[in-house]
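Visitor: Could you walk me through this one, taking the fold before the details?

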Amino acid sequence: MSPLHGYRKYRPRTQPAYDYPPYASTAKRHPTQPLVIVPQTLSEITGPVFGHADVKPTDNDLTRQHKGEPIGERIIVSGRVLDENGRPVPHTLVEVWQANAAGRYLHKTDQHDAPLDPNFSGAGRTLTDARGRYRFVTVRPGEYPWRNHYNAWRPAHIHFSLFGRAFLTRLVTQMYFPGDPLLPLDPMYMSIADEKARRRLVSQFDLENTVPEHALAYRFDIVLRGRAATPMEHS
Amino acid sequence: MKLFASGSQTVGPYLHIGLTWLNTDRIARPGVKGERVTLQGRLLDGDGVGVGDGLVEIWQANAAGKYAHPEDRQKKPVQKGFRGFGRMPTDAKGHFRFSTIKPGPVPGPAGKLQAPHLSVTVFMRGLLKHLSTRIYFPGDAANAHDPVLKRVPAARRATLIAKRKARGVLEWNIVLQGKDETVFFGV
């Protein structure tokens, strides 16, 4: 049997700290003991496999889930899912959720005084294609206040959840929009120490995929952990 | 080309909108081979209060110790209709519950078998990057030789081993802080 290849460690400063005081809710929800470093085994380098039985072709269009069209600016969000070696991650599940154009989530705990939209639920999912590409149609989410600190507002964002090939490539992140003045004030965005890594979470205006007379496009490429160059120890 | 992995961000309080379509508390449907187990527990914050906006995901092998994944090249049977994946949000008081089967042993470093275990990923508001851990089964003799448990300081190993509450019912809590803080892994 050929040796199994493990995955690279995270690059320092590219992932947020668990204990990050500017984001107040981390105080009681971060581990206080250091992580125990363990070997990567078959349990970590495998993970759930999803396919076309799990996702409908229309699940990537958040503007067509109800009778009418949602209020707001229609946008296209697309990109590629790559690994750290620059190779596409094909046929992997991508899940998204977001607030509506007014900055309100369809969720019982969201009490922000902004209107719900009967034509917008804010959830979508898709599989990447053979070249790692994905595409969503949605509306641009609104900014909204939260109570982390005085006059705290979240920058507009879309939540992304990805699996990749392994349980250890799991990623939940948020996509932001270019030029948002709230970004440097946002503890979640700023929790990533490395500036280049932070900017990776900001989508880019995408003229190439913008559809004339219809919708602006944003490009958001996502990188999942990639294989290490050498086989796993003792595999 | 060398890139680096995108940074993690919290699931936030509204995770249910995007993630509950795939809720799976029954990891093993009736008819799936193996010893049936109900796994129940709570996700507890630093004050011992249940976390009402968390999500627990589980990944496991089948009863033969085979993962439903192309990179598991062991000559062992795949169980039809068994993906080995579970996902449940916590309830308002932090409870979660899964119904599954005890997995068989899978190989670890140097080809030695690992003790049966479930891999666990934890998400919640207030957690900027998910946590990884494992659940082991009480009273399994293989626990004493497990290569991952061996890396855990002896005094903390018990946090990774479920407790038997009744026949076929195991309890395992995720404790974020304090005396019984669960061991989380860097993998």
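Visitor: What pattern does chain B follow along the sequence?

Guide: Read along the sequence, chain B goes α-β-β-β-β-β-β-β-β-β-β, that is, one helix and ten strands, where helices (H or I, at least four residues) and strands (E, at least two) are DSSP runs numbered from the N terminus. This is a predicted model, in which local features need pLDDT of at least 70 and side-chain atom pairs count only at pLDDT 80 or more, while totals for chains, interfaces and linings use all residues. Residues are numbered from 1 along each chain as its sequence is written, and chains are lettered from A and ligands numbered from 1 in the order in which they are written.

Visitor: And how compact is chain B?

Guide: Its radius of gyration, taken over C-alpha atoms, is 17 Å, close to the 16 Å from the globule rule (2.2 Å times the number of residues to the power 0.38) for 187 residues, so chain B is as compact as a globular protein of that length.

Visitor: Which strands make up the open sheet?

Guide: The order is β3-β2-β5-β6 in chain B, with antiparallel pairing; two strands pair if DSSP finds at least two bridges between them. β3 (85–89) and β6 (131–136) of chain B are at the edges with a single partner strand each, so one side of each has no neighbour in the sheet.

Visitor: How many bridges link β5 and β6 of chain B?

Guide: Six bridges connect β5 (residues 117–124) with β6(B) in the antiparallel sense, and Leu118(B) has Ile135(B) as its bridge partner there.

Visitor: Switching to Met88(B), is that residue buried, partly exposed or exposed?

Guide: Met88(B), which sits in strand β3 of chain B, counts as partly exposed because it has 19 C-beta neighbours inside 10 Å, whereas buried would take 20 or more and exposed 12 or fewer, with C-beta atoms placed from the backbone. Beyond the neighbours within four places in sequence, the contacts of Met88(B) include Asn23(B), Asp25(B) and Phe96(B), a contact being two C-beta atoms, placed from the backbone, within 7 Å.

Visitor: How many residues does each chain bring to the contact between A and B?

Guide: Chain A brings 68 residues and chain B brings 61.

Visitor: What strand pairing is there between the chains?

Guide: β2(A) is joined by two bridges to strand β10 (residues 185–186) of chain B, running parallel, and within that pairing Ile37(A) has Gly186(B) as its bridge partner.
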